[in-house]
Amino acid sequence: GGGSSDGAPFERALRTLVATPTAAPMYVTAAGGAHGGAVLTFDGGVGGKVRVERLADAPTYYVVQTNYDRWRPDPADDNRRTAAESVLEHLGAAIGASDAGLLTALSATPVHNNDTIYTAVANAVDGSLRVWLRYPPRGVS
């Protein structure tokens, strides 16, 4: 059940996500509390390929997903992923993996920019969801 202390519910959720066709290409970031996390990349459509990258297989304590495939370099005009990774690396796991650490990375320039409408941090361990509405600086519309 949902209160299980093993990773079975998370693994079932991943299997369900992977088996569910999507109408379009998309990314899903899944967190399983102490049981890890994963980024799923969907090609879209029935029979579309799904790539699963597990946090447990990452060389760091984090996996950052933006609007681009993780296995490709950041586009020259959008280095948000690399910027977020740099902040998380600097903070270290004890702070970076906390809600405050995640908000710090999500608030760093250029991760947070004039196109950012909101920032959300969901915590799979305590079930919380914190959302910050972002407003552009004065004079920017």
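Select Y62 to begin. Y62 is buried, with a relative accessible area of 13%. This is a predicted model.

Y61 is partly exposed, and its relative accessible area is 25%. The cut-off explains the two labels: buried means under 20% relative accessible area, and partly exposed lies between that and the over-50% range called exposed.

Keep both residues on screen and show their rings. How many aromatic pairs are counted here? The count comes to 1 aromatic pair. The ring centres of Y61 and Y62 are 4.9 Å apart with the planes at 90°, so this pair is edge-to-face.

Next, select W71 and R51. R51 sits over the face of W71. The distance to the ring centre is 3.8 Å.

Move on to T119. Find strand β4, which covers residues 118–122, and T119 is in it. Is T119 buried or exposed? T119 has 5% relative accessibility, so T119 counts as buried.

Show what surrounds T119. Beyond its neighbours within four places in sequence, T119 is in contact with L103, L106, R130, V131, W132 and R134. Pick out R134 from that list. The side chains of T119 and R134 are joined by a polar contact of 3.0 Å.

Last stop: draw a line from T119 to A94. The two residues are 25 residues apart along the chain. Their C-alpha atoms are separated by 21 Å.

Notes: Residues numbered from 1 in each chain as written. Predicted model: local features only at pLDDT ≥ 70, side-chain atom pairs only at ≥ 80, totals over all residues. Heavy atoms only, no water. Helix = DSSP H or I, 4+ residues; strand = E, 2+ residues; numbered from the N terminus. Buried < 20%, exposed > 50% of the residue type's maximum accessible area, 1.4 Å probe, protein only. Contact = heavy atoms within 4.5 Å. Polar contact = N/O pair within 3.5 Å; in protein donor to acceptor, adjacent residues only side chain to side chain. Phe/Tyr/Trp six-rings, centres within 6.5 Å; stacked < 30°, edge-to-face > 60°. Lys NZ or Arg CZ within 6 Å of the ring centre and 35° of its normal.
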